[in-house]
Amino acid sequence: MRILFLFLDGVGLGTDDPQINPLVRARMPRLRTLLGGRPLIAASAPLETERATLLSLDASLGVDGLPQSATGQAVLLTGINIPKEIGYHYGPKPNPEVAAYLNGNTLFSRVTRAGKTAALLNAYPPRYFQGIDSGKRLYSSVPLAVTNAGLSLFTKDDLYAGRALSADFTALGWQSFLGFSDTPTLTPEAAGRKTAELASQYDFSFFEYWASDYAGHKQNMSAACELLETFDGVLGDLVDAWDDSRGLILLTSDHGNLEDLSTRRHTDAQVPGLLIGAPSARREFVHGLKDLTGIAPAIQRLILPQ
Ligand SMILES: [Zn+2]
C-alpha cells in the first residue's frame, strides 16, 4: 500500500458561513463531489462516501494555547504528543526542543529504514538552499525530518525535469515571485495528474502546501477563494488519476486558520482527516483515529504491515 500525504497547513473545519469561511464561499465542485455534495466544514464530519472518508481530528491535544505549525507537523510525522511532552505549542519553525523529535524517529526515517521509498514532492528554489547554507533560514519541521532521514530536497532542476512539484502546484509563483520566467507551468488539472504520477513512484510521498496558512494570516477572502479553487482543480484530476487498489490519499492539517478569516491568528478548530481510496483501506486507516497523534501510526500500519 502506498500513501500520498497532502498536507494543507492551517486548514480547520469551520462553520457554514461564507462571510468568514472561504471553504464555504469558494467554488470547489471536485471536493464537494468527493464529500457527497457537502462542504469541508465541521458539520460534514464524520462522513463516508463511495470514494472518501472525512473525520474531524483534534489538533489542540490537551494543551492550552493555539496549536502551531512546528509542533503540529512534528506530531503528524512522529505520532508523539509533543505539545503535551514539552508543555506548549510552538511555531512556525521548530526550536531545538521540537527539532529533537525530528531526528531518526519520523515517518520519513521509519519508512526508509524499512527499505521502502519516501519523498517530499516539493521543489525548493536556489535561494532557499542559499538561506539554509548561510544559516539565515531554518528548516521547518517537514524538510528537517526529510533531510534528517538522509533524503534530499528536490531542486529547481527537479521541478524543470518534472520530478517534483512547485509549492503552489502550478509553478506560476516561480515565474511571478521568484523571477524564473522560463519555469514550465501546469494547469491545476495537469498538476493533479502530475501529483498522482509522482506519488506512484514512492511508498510514502508527502506534499506540503503552506499557502493555505499564509492566506489565513492575510485574511484576504478573494485571494483565499482563488487559492482554494486552484486546489480544487488539482484535487479533482489527482483523484481521477489515483489508483485506489494501490493506495490512499490523506489530506490533513496541523491546525485551523484559513477556515475563519475573522481572525488573523490560528484557531483551535478540529482539522480534517480526509481519506480517498478503497473503503477497506480507509476503514483500516481511521480505526481509532481521534487526533493528530493517530496519523503516523496509521500510515505506518498501511505502508509497513507487520
Ligand atoms: Zn500560521
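Does His266 count as buried or exposed, and at what relative accessibility? At 8% relative accessibility, His266 counts as buried, where buried means under 20% relative accessible area, exposed over 50%, and partly exposed in between (1.4 Å probe, protein chains only).

This is a predicted model, in which local features need pLDDT of at least 70 and side-chain atom pairs count only at pLDDT 80 or more, while totals for chains, interfaces and linings use all residues. Residues are numbered from 1 along each chain as its sequence is written, and side-chain values use heavy atoms, with hydrogens and water left out.

**Zinc site**

The zinc ion is coordinated by Asp213 (OD), Asp213 (OD), His217 (NE2) and His266 (NE2), at 2.0 to 2.8 Å. Donors are N, O and S atoms within 2.8 Å of the metal (3.2 Å for Na, K and Ca); water is not among the atoms, so sites may look incomplete. The angles subtended by the four donor atoms run from 51 to 134°, which makes the arrangement irregular. Four donors count as tetrahedral if all angles lie between 85 and 135 degrees; four count as square planar and six as octahedral if opposite donors are over 155 degrees apart and all others between 65 and 115; anything else is irregular. Along the chain the donors follow the spacing D-x3-H-x48-H. His217 lies in helix α12 (residues 211-218) and His266 in the loop between β6 and β7, so the pair ties together parts that are 49 residues apart in sequence. His217 is partly exposed, with a relative accessible area of 31%.

**Sheet**

Helices (H or I, at least four residues) and strands (E, at least two) are DSSP runs, numbered from the N terminus. Two strands pair if DSSP finds at least two bridges between them. Seven strands form an open sheet of mixed pairing, in the order β2-β3-β7-β6-β1-β5-β4. Its edge strands, β2 (47-48) and β4 (118-120), each pair on one side only.

Seven of the seven residues of strand β1 (residues 2-8) are buried, so β1 is largely enclosed by the rest of the structure. In a regular strand the side chains alternate between the two faces of the sheet. In β1 both faces are covered, with Arg2, Leu4, Leu6 and Leu8 buried on one side and Ile3, Phe5 and Phe7 buried on the other.

| Strands | Sense | Bridges | A bridge pair |
|---|---|---|---|
| β1 and β6 (residues 247-252) | parallel | six | Phe5 and Leu250 |
| β1 and β5 (residues 204-209) | parallel | six | Ile3 and Phe204 |
| β6 and β7 (residues 271-276) | antiparallel | four | Leu251 and Leu274 |

**Aromatic contacts**

The structure holds 16 aromatic pairs. Rings of Phe, Tyr and Trp (its six-membered ring) pair if their centres lie within 6.5 Å; planes under 30 degrees apart count as stacked, over 60 as edge-to-face and the rest as tilted. The ring centres of Tyr124 and Tyr128 are 4.4 Å apart and the planes at 35°, so the pair is tilted. Both Tyr124 and Tyr128 are buried. Trp210 and Tyr214 form an edge-to-face pair, 6.2 Å centre to centre with 85° between the planes. Trp210 is partly exposed at a relative accessible area of 46%, and Tyr214 counts as partly exposed at 46% relative accessibility. Ring pairs also link Phe5, Phe7, Phe108, Phe204 and Phe206 into a cluster.
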